[in-house]
Amino acid sequence: MTQMSKNGFPVERIREDFPILKQLIHGRPLVYLDSAATSQKPQSVIDAVVRYYREENANIHRGIHYLSERATADYEAARRHIARFINAPDPRETIFVRGTTEAINLVAHSYGRRFIHADDEIVISAMEHHSNIVPWQLLCEQTGAKLRVIPITDDGELIVDAYAKLLNSRTRLVSVVHVSNVLGTINPVKRLVEMAHSMHIPVLLDGAQAVPHVPVDVQDLDCDFYAFSGHKLFGPTGIGLLYGKTAWLDQMPPFQGGGDMISTVSFERTTYNSLPYKFEAGTPNIAGTIGLGAAVDYFQGVGVEAAARHEHDLLDYATEVLAAIPGVRLLGNAPEKTGCVSFLVDGVHAHDVGTILDQHGVAIRAGHHCAMPLMERYGLAATARASFAFYNTLDEINVLAEAIDEVKEVFS
Amino acid sequence: MTQDLYRQVILAHYRQPANRYKLDGANVAGYSHNPLCGDEISVYARIDSGRLTEASFEARGCSIVQASADMMADCVRGQTRADLDATITAFESMLEGPDEEPDVALGDLRLLREVRKFPVRIKCALLPWKTLRDALGKSNSQP
């Protein structure tokens with residue numbers, strides 16, 4: 001069956017690029033609605049990783065032989081490419097890390113050690129992933145700083161007035177999520193950055209769920225740090241990026257020590273390498289970086305804006321279809337949303353929903369989504385979450401709805 | 001396959017658990033949670049003269065956690081310490097050991113053997129039992 005979205009998005013042709021989507025699960029076509037956990041990978045990304053290992057595997061930045069030069073050139077070309085993708089002004093401001101979690105930990109350790117002291121304050125929001133809570137809690141324990149939390153409405157929007165009141169002369173950093181992994185809310189981050197900057201407070205944005213869904217321009221956002229993971233952006237696991245403004249990165253001590261991050265080492269004194277290498281100790285994930293470069297290439301080929309429009313249709317349709325099922329309740333009704341719907345089925349735990357959906361070939365996430373404080377905010381232990389990427393179809397949402405009917409039948 | 005897991009007996013224990021309450025006068029009590037999924041359970045028991053006279057639980061979790069806990073409370077009533085050890089071991093082995101018939105009478109609990117086909121749910125079925133085992137261990141070590 002050939003299917004186009006109502007925007008003419010060629011979703012069936014695009015699905016051909018993702019070999020994993022062709023398989024049957026428990027005898028039924030895979031309906032992969034768990035891209036917020038990790039996205040699937042197009043053949044071009046798989047090929048790029050394989051090609052690196054087959055044809056040019058060598059360590060970078062140190063060899064004087066052909067393969068090392070080639071691997072270094074490809075690694076740095078991927079950096080420039082990914083930097084342009086988020087419109088970073090200079091590739092030296094883009095640091096490769098394992099993922100969003102490591103990016104945030106880098107800032108917590110490095111910026112934190114230099115700039116955050118006892119009684120200082122760090123502002124996060126009530127809809128953060130654990131990876132944007134725990135690093136700051138650890139820092140607070142070490143320094144005596146305090147964590148402040150921006151509250152949210154029942155619909156899942158940040159309360160901006162409350163945010164304004166939290167900012168003060170003790171605030172050293174704001175670290176908020178761009179798009180919520182549970183509610184799908186797109187936060188007004190540009191405004192949040194402006195408000196913080198008016199008080200000379202830097203801002204880190206957790207972009208893990210944003211980069212696969214909305215065009216990201218770090219210069220337009222004017223954020224000081226931006227973090228995301230490659231594996232949610234159709235790239236390999238174990239690679240991610242931290243963008244940081246040079247003005248901050250230059251003042252921050254290294255995160256980890258080791259090879260590649262030094263200029264000279266003696267037992268008396270070590271001098272550090274220039275940006276971004278100061279923050280890239282040890283042999284990096286070369287294959288992952290090249291794979292992420294290929295993923296960005298692929299995504300731009302699909303078209304970030306076109307993908308976003310198609311996903312908007314998916315989200316609208318899923319919201320309409322799920323809301324129409326008696327006994328199903330949606331969590332997160334912010335006007336600006338992308339990427340996922342969290343839902344509850346009356347009288348049925350999310351894990352039971354997940355197990356029955358799996359028997360229909362439908363892969364969703366069930367649980368607290370690594371956002372336990374947010375679950376607590378709504379008095380819930382768990383939700384079911386269907387999350388989308390541009391390779392999903394409207395038909396797949398029909399399969400989801402049919403499977404939810406079966407859940408209700410089993411538990412009726 | 002879904003029907004194998006969600007048998008009417010299991011769903012009945014989930015919907016109308018006879019043993020879901022806080023037990024006053026419990027001398028064995030334990031709490032566990034599964035940090036991966038957020039399920040939480042408290043298990044209570046009263047042991048008089050070496051015999052478990054009553055067990056109950058309170059839980060926030062899926063149907064498998066709750067049904068397993070409710071059936072466990074039924075099954076262990078009247079058991080001695082030695083019986084309890086044998087029952088807990090038999091149940092754990094039914095889910096995690098070699099795929100053989102349990103050698104201890106487990107009654108309706110044998111329906112939960114189907115959970116073996118759903119590996120990610122095995123921890124749900126085991127959570128109440130692990131909680132009871134830990135609680136008994138703690139009460140054993142008390143003077």
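The radius of gyration is taken over C-alpha atoms, and the globule rule is 2.2 Å times the number of residues to the power 0.38. With 143 residues, a compact globule would have a radius of gyration near 15 Å, and chain B agrees at 14 Å. This is a predicted model, in which local features need pLDDT of at least 70, side-chain atom pairs count only at pLDDT 80 or more, and totals for chains, interfaces and linings use all residues. Residues are numbered from 1 along each chain as its sequence is written, while chains are lettered from A and ligands numbered from 1 in the order in which they are written.

**Chain B**

- Chain B has 5 helices and 3 strands. Helices (H or I, at least four residues) and strands (E, at least two) are DSSP runs, numbered from the N terminus.
- The order of elements from the N terminus is α-α-β-β-β-α-α-α.
- The C-alpha trace of chain B spans about 45 × 30 × 25 Å along its principal axes.
- Of its 143 residues, 41% count as buried. A residue is buried if 20 or more other C-beta atoms lie within 10 Å of its own, exposed if 12 or fewer, and partly exposed in between, with C-beta atoms placed from the backbone.
- In chain B, 60% of the contacts with a separation of 6 or more join residues 24 or more positions apart. Two residues are in contact if their C-beta atoms, placed from the backbone, lie within 7 Å.
- B:S49 sits in the loop between β2 (40-48) and β3 (51-60) of chain B. Its phi is near 50°, a positive value in a residue other than glycine.
- B:S49 is exposed, with 6 other C-beta atoms within 10 Å.

**Where the chains meet**

- Ala, Val, Leu, Ile, Met, Phe, Trp, Tyr, Cys and Pro count as nonpolar, Asp, Glu, Lys and Arg as charged, and the others, Gly among them, as polar.

**Domains of chain A**

- Chain A is assigned domain 1 (11-32 + 303-410) and domain 2 (46-300). Such bounds come from an automatic or database domain assignment.
- The centres of domain 1 and domain 2 of chain A, taken over C-alpha atoms, are 28 Å apart.
- Each of these two domains gives 24 residues to the contact.
- On the side of domain 1 that touches domain 2, α11 of chain A gives the most, with 4 residues.
- That side of domain 1 divides into 11 nonpolar, 7 polar and 6 charged residues.

**Nonpolar cores**

- The largest nonpolar core has 126 residues. A nonpolar core is a set of buried Ala, Val, Leu, Ile, Met, Phe, Trp, Tyr and Cys residues joined through C-beta atoms within 7 Å.
- Helix α10 (residues 286-302) of chain A supplies the largest share of this core, 9 residues.
- Domain 1 and domain 2 of chain A both give residues to this core, so it lies between them.
- A second, separate core of 40 residues includes B:Y44, B:F57, B:L84 and B:I88.

**Strands in chain A**

- Strand β4 (residues 94-97) of chain A is covered on both faces. A:T94 and A:F96 are buried on one side, and A:I95 and A:V97 on the other.
- β4 of chain A pairs with strand β10 (residues 240-244) in the antiparallel sense over 4 bridges. Two strands pair if DSSP finds at least two bridges between them.
- A:F96 has A:L241 in β10 as its bridge partner.
- In β17 of chain A, 5 of 5 residues are buried.
- β14 and β17 of chain A pair in the antiparallel sense over 4 bridges. A:C340 is bridged to A:S387 in β17.
- Strand β16 (residues 365-367) of chain A also runs antiparallel to β17, joined by 3 bridges. A:A366 stands opposite A:A384 there.

**Loops in chain A**

- A:D260 lies in the loop between α9 (246-249) and β11 (262-265) of chain A. A:D260 has a positive phi of about 75° although it is not a glycine.
- A:D260 is partly exposed, with 17 other C-beta atoms within 10 Å.
- A:R62 is exposed, with 11 other C-beta atoms within 10 Å.
- A:R62 and A:D260 are 198 residues apart along the chain, yet their C-alpha atoms are separated by 8.6 Å.
- The peptide bond from A:L275 to A:P276 is cis, with omega near 0°.
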